[in-house]
Amino acid sequence: MLHIFCPHCGELRSEEEFHAKGQAHIPRPLDPNACTDEEWGNYLFFRDNPRGLHHELWIHAAGCRQYFNVTRHTVTYEILETYKIGEKPGVTEASVAAKKAVAQGVTA
Amino acid sequence: MQRYSGFGLLKHSFSHHENWQRMWRTPTPKPVYDVIIVGGGGHGLATAYYLAKEFGVRNVAVIEKGWLGGGNTARNTTIVRSNYLWDESAQLYEHAMKLWEGLSQDLNYNVMFSQRGVFNLGHTLQDMRDIERRVSANRLNGIDGEVLNAKQVEELIPYLDCSKNTRYPVMGASLQRRGGVARHDAVAWGYARAADALGVDLIQQTEVIGFRKENGAVIGVETNRGFIGGKRVGVVTAGNSGHMAKLAGFRLPLESHPLQALVSEPIKPIIDSVIMSNQVHGYISQSDKGDLVIGAGIDGYNGYGQRGSYPTIEHTLQAIVEMFPVLSRVRMNRQWGGIVDTTPDACPIIAKTPVPNLFFNCGWGTGGFKATPGSGHVFAASLAKGEMHPLAKAFSIERFHNGALIDEHGAAGVAH
């Protein structure tokens, strides 16, 4: 069972109260009518499906009913952070790689 | 290949069954193959078998990172049916159904295909309208199907709670009598053994870590055991297809989710068919050994962990107990999760890719097992000719850009 920290409620709640809503940070095209079929298809249907870190949208459906973002590992299912809509993720593939490099004594 | 027969069984009994031959070889990879199949599950092995048998391409390798049939082939609920709504998918799944019907003889391997009938229950007026529409569409496509009322369902499935006191009373069902179950492992092993006998190299414990390209076209795969050349490469990696596409440098409209199933302790025969309900959301059958084989929906989040969440198990068993209150105290023995690659329209992708000579067969989502022979057959035809098989043409990647989706969500009685 996952325990998820809702950044709106400010507490850890059980997985059952939440729904995953897929990839986060997908900007809607400003002028959909100007999109080519390819651009519109990519926006609607094509998603990142990483085996590793994934930034995704969740809703606290049986709680405050608000959306927020989660950075989660898709193999270990570890949740590394949750943050509000509009904020930037603190943990990314790049930041993890950099940390690992430091831990291994590699200097940039 | 030593053919299996009743006589062979008798003969080997004299030597205490100690001299059975190995089912397949453990070959060293050749430098170059005509076709490389990435992924040694049911679909990949079937592809290799039909390539060698029907299309005369015998210089074929199947590359598998783990062991044969150890992914979703070993992690499903073994249901076989072809009652899909839309013409494109109905024809593809019916193609598979026809191959299932002769598969044990064809492979000389008992896949224990049992056409015990598949029920899709209806619990609302809308369910019943959808069932009538789907059964009518199936019949127009030459696929058997019947619409049953509540009384008939009650007679055919005695332990199903058909009373009016349930939250979602059973109003009727569709029944495909040719549907049923097959032994999942036997399907993988049967195809592997038959493909190996035709000269296909089955290379296990070898992970593809990249694709080598020349002038933009694929010329082989990089593995953890070195480079293996291939004139054409077919990728059949189910839940990991999105990852493989990333290695090849393009995106696919796939999301990988865990799909769980459970088996109970073995009990005496109680369910002699396959019973699925979309509304209550669970499906159940009983294996020959006596275990109840139970499944339901995917976990909501993306995942590659080959395990699922506890709330989903609880949800699944609630549905089963709602349908079969008599099972409320049966204990579950094992639970597992497979990683299914779902597409937005719940239909597979069997297609050429933006990279020349690289073909993908993926996106089967929650319903790949039933399609194993058909999927392998059309994919083999496509790999042999370099052109997509007529049944596969509708399942292109382009449909997500031109809008020609085949919307089987719910329509096909797909429980997800």
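# A walk through chains A and B

B:Glu322 touches B:Asp161, B:Thr166, B:Arg167, B:Tyr168 and B:Val280, leaving aside residues up to four places away in sequence; contact here means heavy atoms within 4.5 Å. The structure is a predicted model, in which local features need pLDDT of at least 70 and side-chain atom pairs count only at pLDDT 80 or more, while totals for chains, interfaces and linings use all residues. Residues are numbered from 1 along each chain as its sequence is written, chains are lettered from A and ligands numbered from 1 in the order in which they are written, and side-chain values use heavy atoms, with hydrogens and water left out.

B:Glu322 lies in helix H9 (residues 310–323) of chain B. Helices (H or I, at least four residues) and strands (E, at least two) are DSSP runs, numbered from the N terminus. At 27% relative accessibility, B:Glu322 counts as partly exposed. That class lies between buried, under 20% relative accessible area, and exposed, over 50% (1.4 Å probe, protein chains only). From B:Glu322 to B:Trp336 the sequence distance is 14 residues, and their C-alpha atoms are 22 Å apart.

Helix H9 of chain B also holds B:His315, which is partly exposed at 36% relative accessibility. B:His315 and B:His281 are 34 residues apart in sequence, and 8.5 Å separates them in space, C-alpha to C-alpha. B:His281 belongs to the loop between strand E13 (274–277) and strand E14 (282–286) of chain B. With 15% relative accessibility, B:His281 counts as buried. Its backbone has a positive phi, near 75°, in a residue other than glycine. Most residues other than glycine have a negative phi.

Another part of chain B to follow is helix H3 (residues 87–101). Its 15 residues should span 21 Å at 1.5 Å a residue, and the end C-alpha atoms are 21 Å apart, which agrees. The expected span is 1.5 Å times one less than the number of residues. Which residues of H3(B) are buried? They are B:Ser89, B:Ala90, B:Leu92, B:Tyr93, B:Glu94, B:Ala96, B:Met97 and B:Trp100. The elements of chain B that cover them include strand E3 (79–80), helix H4 (103–107), strand E6 (172–176), helix H7 (184–197), strand E17 (349–352) and helix H10 (372–385).

How is the packing of two helices described? By the angle between their axes and the distance between the axes. For H3(B) and H10(B) the angle is about 110° and the axes are 7 Å apart. Axes are lines fitted to C-alpha atoms, for helices over the stretch in contact, and angles run from 0 to 180 degrees between N-to-C directions. H3(B) and H10(B) are therefore roughly perpendicular to each other, a term for angles of 65 to 115 degrees. On the H3(B) side, B:Leu92, B:His95, B:Ala96, B:Leu99 and B:Trp100 meet B:Thr372, B:Pro373, B:Gly374, B:His377 and B:Val378 of H10(B). The residues of this contact divide into 6 nonpolar, 4 polar and no charged. Here Ala, Val, Leu, Ile, Met, Phe, Trp, Tyr, Cys and Pro count as nonpolar, Asp, Glu, Lys and Arg as charged, and the others, Gly among them, as polar.

H10(B) has 14 residues and reaches 20 Å from its first C-alpha to its last, close to the 20 Å expected at 1.5 Å a residue. Because 12 of those 14 residues are buried, H10(B) is largely enclosed by the rest of the structure. Among the buried residues are B:His377, B:Phe379 and B:Leu383. Just after H10(B), B:Gly386 has a positive phi of about 80°.

Helix H2 (residues 42–54) of chain B is mostly covered as well, with 11 of its 13 residues buried, including B:His43, B:Tyr49 and B:Tyr50. H2(B) reaches 17 Å from first C-alpha to last, close to the 18 Å expected. B:Gly56 follows H2(B) and has a positive phi, near 65°.

The contact between the chains takes 25 residues from chain A and 29 residues from chain B. About 2,400 Å² is buried between them, of which carbon and sulfur atoms give 53%; buried area is the accessible area (1.4 Å probe) that two parts lose on being put together, summed over both. In chain A, A:Phe46, A:Asn49 and A:Arg51 lose the most area to chain B, together 33% of what that side buries.

Two further residues of chain A can be located. A:Tyr77 is in the loop between strand E5 (67–73) and strand E6 (79–83) of chain A, is buried at 6% relative accessibility, and has a positive phi of about 65° although it is not a glycine. A:Lys99, in helix H2 (residues 93–103) of chain A, counts as exposed at 64% relative accessibility.

Conventions: Parallel < 35°, antiparallel > 145°, perpendicular 65-115°, else oblique.
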